[in-house]
Each structure stands twice: as C-alpha cells, then as structure tokens.
Amino acid sequence: MSDKFTHLNDHGDAHMVDVAEKLATGRMAVAKAVVVMEPATLQAIKASEIKKGDVLATARIAGIMAAKKCGDLIPLCHPLSLEHVSIEFAYLSDHEIEVTCQASLTAKTGVEMEALCGASVAAMTIYDMCKAIDRAMVVDQLRITHKSGGKSGVFEQD
C-alpha cells in the first residue's frame with residue numbers, strides 16, 4: 001500500500017489526479033449491494049404489486065444512469081465515457097435482493113466508483129419504490145467484488 005494519498009498535492013491540498021501520462025487499458029469493475037426487506041415486500045416486488053411500478057426495471061435504469069453520472073457526483077472523480085454498464089438482480093433469500101453493477105471501458109483510470117454508484121443508486125431506488133410498505137429496509141454490503149485492468153491488475157473479493 002502506498003503511503004502517499006494521490007488526491008493530495010505536495011501542500012496537502014485536494015486535487016484531481018493527473019492521468020495524462022498513463023496508458024489507456026481495458027478496465028472493468030463489479031460492485032454489489034444487498035437490500036434487506038420484509039419477506040412480504042420481496043413478494044410484492046416479485047408479484048408486481050408495488051404501486052409505483054416495476055421496481056427492478058426502474059432500479060436498473062437508475063443504476064445505469066448513476067454510473068454514467070459518477071464524475072458529476074463524486075468530487076475529484078474523473079468523468080468517464082463508459083462503454084458498458086449492466087445492473088442485475090438476484091434473490092438471495094426470501095427477504096434479500098442482491099444488486100450487481102458491472103461497468104467497463106478503455107481508459108487511463110479505473111471504473112470502481114462508477115460501479116459503486118450504479119449499485120448503490122439501484123439499491124436506493126428499490127428502497128424508494130417500496131418505502132410506503134417497508135420503511136425498515138436496509139441497503140447493506142456495498143462493495144467492489146472485482147476490478148481488472150490498469151497497473152494494479154486484478155482484485156477479487158466476495
């Protein structure tokens with residue numbers, strides 16, 4: 001681990017990292033989050049009984065849009081021209097939905113933040129669409145599970 005923070009200059013001031021001299025490489029990141037809810041809420045999602053509409057379709061669009069806007073949301077994050085973003089959902093149990101965002105591009109900097117933005121906003125959209133029937137939902141376990149490309153190579157975690 002480097003002992004120097006890359007977003008601080010020699011005077012300790014925050015700045016955007018200069019990537020001008022870096023080579024563009026294929027980069028991909030996968031982020032996941034889990035939305036924990038009452039079993040009845042998950043059943044209502046599956047049965048298309050949520051009054052606001054199709055929860056997962058709306059969350060998918062929101063997650064893709066968020067990944068594309070990451071550079072506008074996170075200070076000092078480079079604006080990136082993503083080549084691919086996907087949002088997928090898996091039912092982990094009778095009360096948990098896992099959200100997976102995969103983002104990829106060829107660039108001089110990684111796409112971890114874009115994947116995290118996509119997964120988190122998709123998860124928050126599930127909350128927003130279902131909060132009328134389940135205010136106790138929890139968005140949990142937001143994390144990077146895969147990163148590849150660039151100088152640091154491949155990173156994997158569950």
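How many aromatic pairs does a search of the whole structure find? The search comes back with 0 aromatic pairs. Keep in mind as you read that this is a predicted model.

There is still a ring worth a look. Tyrosine 91 has the charged end of lysine 46 sitting over its ring, 4.5 Å from the ring centre.

**The core**

Now for the nonpolar side chains. The largest nonpolar core holds 34 residues, and those touching the most other members are Met37, Ile45, Val55, Phe89, Ile97, Val99 and Ile126. At least two core residues come from each of these elements: strand S1 (25-36), helix H1 (39-46), helix H2 (55-68), strand S2 (84-93), strand S3 (96-107) and helix H4 (112-130). H4 gives the largest share, with 8 residues.

Leaving aside residues up to four places away in sequence, Ile97 touches Ala33, Val34, Val35, Met37, Leu42, Ile45, Leu56, Phe89, Ala90, Tyr91 and Ile126. Tyr91, in that list, is the residue whose ring lies under the charged end of lysine 46.

**The salt bridges**

On to the charged side chains. A search of the whole structure turns up 6 salt bridges, and the table shows three of them.

| Pair | N to O distance |
|---|---|
| Lysine 52 and aspartate 128 | 3.6 Å |
| Arginine 60 and glutamate 88 | 3.8 Å |
| Glutamate 98 and arginine 143 | 3.6 Å |

Take lysine 52 and aspartate 128, which form a salt bridge. Lysine 52 is in the loop between H1 and H2 while aspartate 128 is in helix H4, so this pair ties together parts 76 residues apart in sequence. Aspartate 128 counts as partly exposed, at 32% relative accessibility.

Next come arginine 60 and glutamate 88, whose side chains meet in a salt bridge. With arginine 60 in helix H2 and glutamate 88 in strand S2, the pair ties together parts that are 28 residues apart in sequence. Arginine 60 counts as partly exposed at 30% relative accessibility, and glutamate 88 counts as partly exposed too, at 44%.

The side chains of glutamate 98 and arginine 143 meet in a salt bridge. This pair links distant parts of the chain, with glutamate 98 in strand S3 and arginine 143 in strand S4 (residues 138-148), 45 residues apart. Lys32 joins in too: Lys32, Glu98 and Arg143 are linked in a network of salt bridges.

Threonine 100 is in strand S3 and counts as buried at 18% relative accessibility. Not counting residues up to four places away in sequence, threonine 100 touches Val30, Ala31, Lys32, Ser86, Ile87 and Glu88.

Finally, look at histidine 146 in strand S4, which is buried with a relative accessible area of 14%. Its side chain makes polar contacts with the side chains of serine 148, at 3.3 Å, and glutamate 156, at 2.5 Å. Again leaving out residues up to four places away in sequence, histidine 146 touches Met28, Ala29, Val30, Val154, Phe155 and Glu156.

Definitions and conventions: Residues numbered from 1 in each chain as written. Predicted model: local features only at pLDDT ≥ 70, side-chain atom pairs only at ≥ 80, totals over all residues. Heavy atoms only, no water. Core = buried A, V, L, I, M, F, W, Y, C linked by side-chain atoms within 4.5 Å. Buried < 20%, exposed > 50% of the residue type's maximum accessible area, 1.4 Å probe, protein only. Helix = DSSP H or I, 4+ residues; strand = E, 2+ residues; numbered from the N terminus. Contact = heavy atoms within 4.5 Å. Phe/Tyr/Trp six-rings, centres within 6.5 Å; stacked < 30°, edge-to-face > 60°. Lys NZ or Arg CZ within 6 Å of the ring centre and 35° of its normal. Salt bridge = Lys/Arg side-chain N within 4 Å of Asp/Glu carboxyl O. Polar contact = N/O pair within 3.5 Å; in protein donor to acceptor, adjacent residues only side chain to side chain.
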